[in-house]
Amino acid sequence: MKSIRLSLLVYFLGLLAVALGAVSVLAYRTTQRTLVPERESTAEVIESHYREQCDKALLDQARALARLLQFRFHPNRARNREYHALGLSGVGFLPQGHLHAAAWAFQAYRGPQSWELIRTLTVTDLAFDEEDLEQHLDRDLAEYFQIDSTWKTNNYRSSSLIKAGASLKTEPTLFARSEVLDWKFDDVTLAPGVTLRRVILKAPLRLTPPPAPPRPPSPGPSSRSRPSPDSGSSSASAPRPEPTDRPSVYIQCAYDVVKHPHPAAFAKFEQQRDEEMARLESEVDASLDTLRNHLLAIGLATFAATVVGGFFLVRLGLTPLVRLSDAVSKVSERDFRLRFEEPRLASELRPIVDRLRKALDQLRHAFDREKQAAADISHELRTPVAALLTTIDVALRKPRGSEEYREVLAECRESGHQIFQLVERLLTLARLDAGVDRLRTERFDAAGLADQCAALVRPLAEARGVTLRLHNAGPAELNADPAKLREVITNLLHNAIEYNRPQGSVDLTVARHNGSLCVEVRDTGVGIAPEARAHLFERFYRADPSRHAEGLHAGLGLAIVKGYVDLMGGSIAVDSVEGSGSTFRVELPAA
C-alpha cells in the first residue's frame with residue numbers, strides 16, 4: 001500500500017480480527033464442551049426419573065395386589081381339640097368359631113407364640129377376586145405376578161405364569177433389613193427370550209381379629225373391686241408392643257420388557273421425559289445461540305471501536321515520522337545538516353535518524369570532493385596546457401630551423417602525453433563509478449605477471465638509485481583480470497620508487513596464503529603520516545603539500561588501485577611509519 005498509516009491500520013485490524021475470531025471460537029467451543037457434560041448428566045437424571053416413575057407404576061400394581069389379596073381361613077379341627085383344655089372348647093362351637101379362637105389367641109398371647117397359635121388353629125389360603133383383578137390391575141404391567149407367604153400357605157401364581165409353566169423365585173436373604181414394608185426391583189429371565197422387569201414387595205400379614213364374644217359378669221363384690229378398662233389405670237391403657245416376627249407376604253409383579261418395552265401405562269411418563277429432553281435441548285441451543293450472538297456483538301463492537309481509535313492512534317504514533325520528513329525536506333545542496341531534535345525519540349526511529357545523518361555527512365563529503373576534484377582537475381590540466389601554450393608561443397616569436405621546431409614539437413608531445421594520461425585516469429575512475437568497467441577473468445600466473453611489472457619499472461628504479469627485489473615461491477595460479485592486476489602492481493611499485501630515499505630498496509612479494517593471493521610491496525621511503533592514511537585512497541589527494549614533483553602526480557593512482565582491488569573482490573591495507581617506509585598489502589581470492 002502507498003500509505004504507511006493505512007498499511008499499519010489494515011495489518012492491525014486484520015490481526016485484531018483474527019485474534020477476536022480465535023478468542024470467540026475458543027470461548028464458544030469451551031462453553032459447548034462445558035455444556036455437553038451438563039446436558040448429558042441432566043439427561044441421565046431425566047432418564048433416571050423416568051425409570052423411577054416406571055418402577056413406581058410397577059410398585060403401585062404390587063401394592064394393588066396387596067390390597068386385593070384375600071385370605072381364606074379353614075379351621076384345623078384336629079388341633080382345636082387339643083386346645084379344649086385351655087378353655088377354647090366353648091369358643092369353637094360359636095359361629096365362625098375358628099376365627100374367634102384365633103382372635104382370642106391373638107388377644108391373649110401378644111408375642112411370638114401368638115402367630116404360631118393362630119397358624120396352628122387355622123389353615124389359610126391366598127386368593128383373589130377375579131373381578132377385582134380385572135378392575136384394578138393393568139395387565140400390561142401386572143402381566144406376571146406371584147404371591148408367597150412366610151405363613152406356610154399356598155402361593156398364588158397368575159394365569160400367565162401357570163400357562164408358561166414357570167414360577168418366580170426369590171432368595172431368602174433378599175430382604176436382609178428388618179423393615180416390615182420393603183421392596184426391590186430387578187431384571188429376571190423367565191425363559192429364553194423372556195426378560196422380566198420385576199418388583200418384589202415385602203408386606204406384613206395383617207389380620208383383623210373379629211370382636212371377642214361378650215363375657216358374662218360375675219356377681220359378687222369382687223367384680224366391683226376390679227378396675228374397669230376405662231378407669232385410666234396404667235395397666236389397661238398402656239399399649240402392648242407389636243410382635244417383631246409378624247409373618248410377611250412377598251408379592252412379585254413383573255412385565256415382559258421384550259414383548260412390551262413400552263407399556264401403555266408408561267406413555268405419560270415417556271411423553272413427560274421427551275418433553276423434558278426437548279426442553280433441555282432447546283435450553284442448551286438457546287444458551288449457545290445467546291453466547292454466539294453476544295460474542296459476535298462484542299467482536300463487532302470491539303472491531304468498530306478499534307477502527308475509529310486505531311486511525312487516531314496510528315496517526316499519533318507516526319507523528320515523529322512527519323516531523324522527520326519535514327526536517328529532511330529542509331536539507332539542500334548548500335546545507336546538509338539534519339535539524340531534527342527529538343528528546344524522546346522512538347527506538348525504531350533512532351537508527352534511521354543516525355543513518356540519515358551519516359548518509360548526509362557522506363553526501364556532504366562527496367560534494368566537497370567533487371568541488372575539490374573540479375579544482376584539482378583544473379589545476380592538473382592547467383599546468384601541461386600552460387606549458388604547451390608557452391612552448392608554442394616561444395616557437396612562434398621568430399623563424400626557427402627544422403631542428404629547433406623538432407625540439408618544440410617534442411616538448412609539445414610530452415605535454416600532450418601528460419594531458420592524455422590524466423584524462424585516461426579520469427575516464428577510468430568515471431567507468432568505475434558508473435559500474436561499467438567489467439572484469440575480463442582468465443587463468444594466469446600471478447608470479448610471472450609480477451615479474452613483468454618489476455621489469456617494466458626497473459629502469460626508473462635504477463635511475464633513482466633504488467634497489468628492486470622480487471620474492472616469490474614459484475608459480476601462483478589465479479583467476480582474475482590480468483590487465484587490472486598489472487595496473488595495481490605497477491602503480492604500487494611506481495609510488496614506492498617515486499617516494500623512496502636515495503639508495504633505498506623496494507621488495508615485491510607474491511605468495512599464496514590460506515586460499516588467497518597476497519601481493520606485498522615494501523619500501524624504505526619517507527613513510528606516510530597518520531593523518532594522511534585516512535585520505536590516502538581519495539581522488540586528487542597527495543601527501544606532498546607542495547604539490548610539486550617530477551612526473552605525473554595527480555593523486556589518482558591509489559584511487560584507481562583501490563577501485564580495481566574492490567572490483568576483483570579483494571582488499572588493500574597499508575602499514576606505514578613516518579620516516580621508515582610503507583607496506584601495501586593486497587589480498588585477492590584465488591578462485
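**View 1. Helix α15 is largely enclosed by the rest of the structure, because 12 of its 17 residues are buried.** Buried here means under 20% relative accessible area, with exposed over 50% and partly exposed in between, using a 1.4 Å probe and protein chains only. The buried set is Pro482, Lys484, Leu485, Val488, Ile489, Thr490, Asn491, Leu492, Leu493, Ala496, Ile497 and Glu498. From first C-alpha to last, α15 reaches 24 Å, close to the 24 Å expected at 1.5 Å a residue; the expected span is 1.5 Å times one less than the number of residues. Please keep in mind that this is a predicted model, in which local features need pLDDT of at least 70 and side-chain atom pairs count only at pLDDT 80 or more, while totals for chains, interfaces and linings use all residues. Residues are numbered from 1 along each chain as its sequence is written, and side-chain values use heavy atoms, leaving out hydrogens and water.

**View 2. Helix α14 (residues 446-463) packs with helix α15 (residues 482-498) at an angle of about 35 degrees, their axes 9 Å apart.** Axes are lines fitted to C-alpha atoms, for helices over the stretch in contact, and angles between N-to-C directions run from 0 to 180 degrees. Residues in contact (heavy atoms within 4.5 Å) include Leu449, Leu456 and Leu460 of α14 and Leu485, Ile489 and Leu493 of α15. By class, this contact has 14 nonpolar, three polar and two charged residues. Ala, Val, Leu, Ile, Met, Phe, Trp, Tyr, Cys and Pro count as nonpolar, Asp, Glu, Lys and Arg as charged, and the others, Gly among them, as polar.

**View 3. Five strands form an open sheet in the order β9-β11-β12-β14-β13, with mixed pairing.** Strands (E, at least two residues) and helices (H or I, at least four) are DSSP runs, numbered from the N terminus. Two strands pair if DSSP finds at least two bridges between them. β9 (467-472) and β13 (571-577) stand at the edges with a single partner strand each, so one side of each has no neighbour in the sheet. Seven bridges join β13 to β14 (residues 581-589), and the two run antiparallel. Look for alanine 573, whose bridge partner in β14 is arginine 585.

**View 4. The buried residues of α13 pack against α12 (350-396) and α17 (557-567).** They are Val408, Cys412, Ser415, Ile419, Leu422, Thr428 and Leu429. The 33 residues of α13 (residues 402-434) should span 48 Å at 1.5 Å a residue, and the end C-alpha atoms are 47 Å apart, which agrees.
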